[in-house]
Amino acid sequence: MAAAELSASGEDSPALRDLAGRSGREREAELAALLGRALDELGLPRPESAEAERWAVRELAVRLHAGAADPAGTAAARWEHGNSAEGTAEERFLAALRRPCCGDCLGRPADREPESYRVWAAELRAAAALLAGR
Ligand SMILES: [Zn+2]
């Protein structure tokens, strides 16, 4: 489950609204902490840490898919993750995140993106769409 899904199901809390306004450039620990606060506020149980990490990863994919975050900014945040099951949408998304196009592209304005960046960004967006389940 991701924050967007909690919102869509009619849940509301200050942390959830805070999450909705984030750019997608937050570090994983920050996002996971916010998700934890939102769950506390909603009176829902917090997941185990491995599960919380998966929520945060999914949240990022949902943001990318919704256009609320861009591939370069997401990769530049340098998320660190444990391993996820091979062949899953999550693993594909994380693999693309760990292998950004290059440092030049990540700091480059969108109107100067070379082909290599577009190929990588398309791969990341496709993986995000799969993981977001849409
Ligand atoms: Zn590049």
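Colleague: What is the handedness of the crossing in which H4 passes H8?

Modeller: This is a predicted model, and the two helices in question pack with their axes 8 Å apart. The angle between H4 and H8 is about 115°. The crossing of H4 past H8 is left-handed.

Colleague: Which residues of H8 make the contact with H4?

Modeller: Helix H4 brings Arg58, Ala61, Val62, Leu64 and His65 to the contact. Its residues, taken with those of H8, divide into 8 nonpolar, 1 polar and 2 charged. On the side of H8, the contact is made by Leu124, Arg125, Ala128, Ala129, Leu131 and Ala132.

Colleague: Which residues is Ala61 in contact with, leaving aside its neighbours within four places in sequence?

Modeller: Ala61 is one of the H4 residues in the contact with H8. Contact here asks for C-beta atoms within 7 Å. By that rule Ala61 is in contact with Phe93, Ala128, Leu131 and Ala132.

Colleague: Are H6 and H8 roughly parallel or roughly antiparallel to each other?

Modeller: The axes of H6 and H8 are 8 Å apart, and the helices pack at an angle of about 155°. Angles over 145 degrees count as roughly antiparallel. Therefore H6 and H8 are roughly antiparallel.

Colleague: How many charged residues does the contact of H6 with H8 have?

Modeller: The crossing of H6 and H8 is left-handed. From H6 the contact takes Ala89, Glu90, Arg92, Phe93, Ala96 and Leu97, and from H8 it takes Glu123, Leu124, Ala127, Ala128, Leu130 and Leu131. By class there are 9 nonpolar residues and no polar ones, and the number of charged residues is 3.

Colleague: Why does Glu90 count as partly exposed?

Modeller: Glu90 sits in helix H6, and its C-alpha atom is 8.1 Å from that of Arg54, 36 residues apart along the chain. A residue is buried if 20 or more other C-beta atoms lie within 10 Å, and exposed if 12 or fewer do. Glu90 falls in between, because its count of other C-beta atoms within 10 Å is 19.

Colleague: Which residues does Ala15 touch, not counting residues up to four places away in sequence?

Modeller: Ala15 lies in helix H2 and is partly exposed, with 18 other C-beta atoms within 10 Å. The C-alpha atoms of Ala15 and Arg37 are separated by 6.1 Å, though the two are 22 residues apart along the chain. The residues that Ala15 touches are Leu34, Arg37, Ala38 and Glu41.

Colleague: What share of the contacts with a separation of 6 or more is between residues 24 or more positions apart?

Modeller: The secondary structure comes to 8 helices and 0 strands, and the pattern along the sequence is α-α-α-α-α-α-α-α. Of the 134 residues, 32% count as buried. Among contacts with a separation of 6 or more, the share from residues 24 or more positions apart is 64%.

Note on methods:
Residues numbered from 1 in each chain as written. Predicted model: local features only at pLDDT ≥ 70, side-chain atom pairs only at ≥ 80, totals over all residues. Contact = placed C-beta atoms within 7 Å. Helix = DSSP H or I, 4+ residues; strand = E, 2+ residues; numbered from the N terminus. Axes fitted to C-alpha atoms, helices over the stretch in contact; angles between N-to-C directions. Parallel < 35°, antiparallel > 145°, perpendicular 65-115°, else oblique. Left-handed = near helix turned anticlockwise from the far one by under 90°. Nonpolar A, V, L, I, M, F, W, Y, C, P; charged D, E, K, R; others polar.
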